[in-house]
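Have the model open beside you and follow along.

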Amino acid sequence: MSFFISDAMAQAAPAASQPGFEGMLFPLGILVFFYFLFIRPQSKRNKEQKQMLAALNKGSEVVTTGGILGKVAELDDNFVKLEVADNYFIQVQRHAIANMMPKGTYKTLNKKSSV
């Protein structure tokens, strides 16, 4: 029967070597890549958003995430009361504030809309 099985096939397979540090370089490289591409920029944006919301005060001109421009009339821990036109106010959640606008933006746009 040995003439059906070649001698090379009958030999035992060599023991596989365990992957060392070299085998871990590619997965570690991918993790580092994703950290710098996704995680770090997102945490920077979150930090800037928190600082902007902390600096919010009465009279600041802001834009909400819905695109509404207003002037801060009142503040508390969770909500902001915005003046969107003369004597027209809306309340939004504090985290709905997207950006602070430069001083005078609200006044300039109100003049244009009233003309």
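A word on what I am reading. This is a predicted model, so I kept local features to pLDDT of at least 70 and side-chain atom pairs to pLDDT 80 or more, while totals for chains, interfaces and linings use all residues. Residues are numbered from 1 along each chain as its sequence is written, and side-chain values use heavy atoms, with hydrogens and water left out.

Entry: the overall layout. I counted three helices and five strands, and along the sequence they follow the pattern α-α-β-β-β-β-β-α. I then checked burial, where buried means under 20% relative accessible area, exposed over 50% and partly exposed in between (1.4 Å probe, protein chains only). Buried residues make up 19% of the 115 residues in the chain. For contacts I used heavy atoms within 4.5 Å. Of the contacts with a separation of 6 or more, 42% are between residues 24 or more positions apart. The chain exposes about 9400 Å², with 61% of it supplied by carbon and sulfur atoms; these areas come from the Shrake-Rupley method with a 1.4 Å probe, and for residues only the protein chains shown count as cover.

Entry: the core. I took a nonpolar core to be a set of buried Ala, Val, Leu, Ile, Met, Phe, Trp, Tyr and Cys residues joined through side-chain atoms within 4.5 Å. Which residues make up the largest nonpolar core? I found ten: Met52, Leu53, Leu56, Val62, Val72, Val80, Leu82, Val92, Ala96 and Ile97. Helix H2 (21–54) and strand S3 (79–85) each supply at least two residues of this core. I picked out Leu56 and, leaving out residues up to four places away in sequence, saw it touch Val62, Val72, Leu75, Val80, Arg94, Ile97 and Met100.

Entry: back to Leu75. Is Leu75 buried or partly exposed? I read 33% relative accessibility, so Leu75 counts as partly exposed. Beyond its neighbours within four places in sequence, Leu75 is in contact with Leu56, Asn57, Lys58, Val80 and Arg94.

Entry: I call two strands paired if DSSP finds at least two bridges between them. S3 and S4 run antiparallel and are joined by six bridges; Glu83 has Phe89 in S4 as its bridge partner. Two residues separate the strands of this hairpin. Asn87 sits in the loop between S3 and strand S4 (88–93), and its phi is near 60°, a positive value in a residue other than glycine. I noted that most residues other than glycine have a negative phi. Asn87 is exposed, with a relative accessible area of 67%.

Entry: the rings. I paired rings of Phe, Tyr and Trp (its six-membered ring) when their centres lie within 6.5 Å; planes under 30 degrees apart count as stacked, over 60 as edge-to-face and the rest as tilted. My search of the whole structure gave three aromatic pairs. One of them is Phe33 with Phe34, edge-to-face at 5.8 Å centre to centre and 70° between the planes. Phe34 and Phe38 are stacked, at 5.4 Å and 20°. Phe33, Phe34 and Phe38 form one aromatic cluster.

Note on methods:
Helix = DSSP H or I, 4+ residues; strand = E, 2+ residues; numbered from the N terminus.
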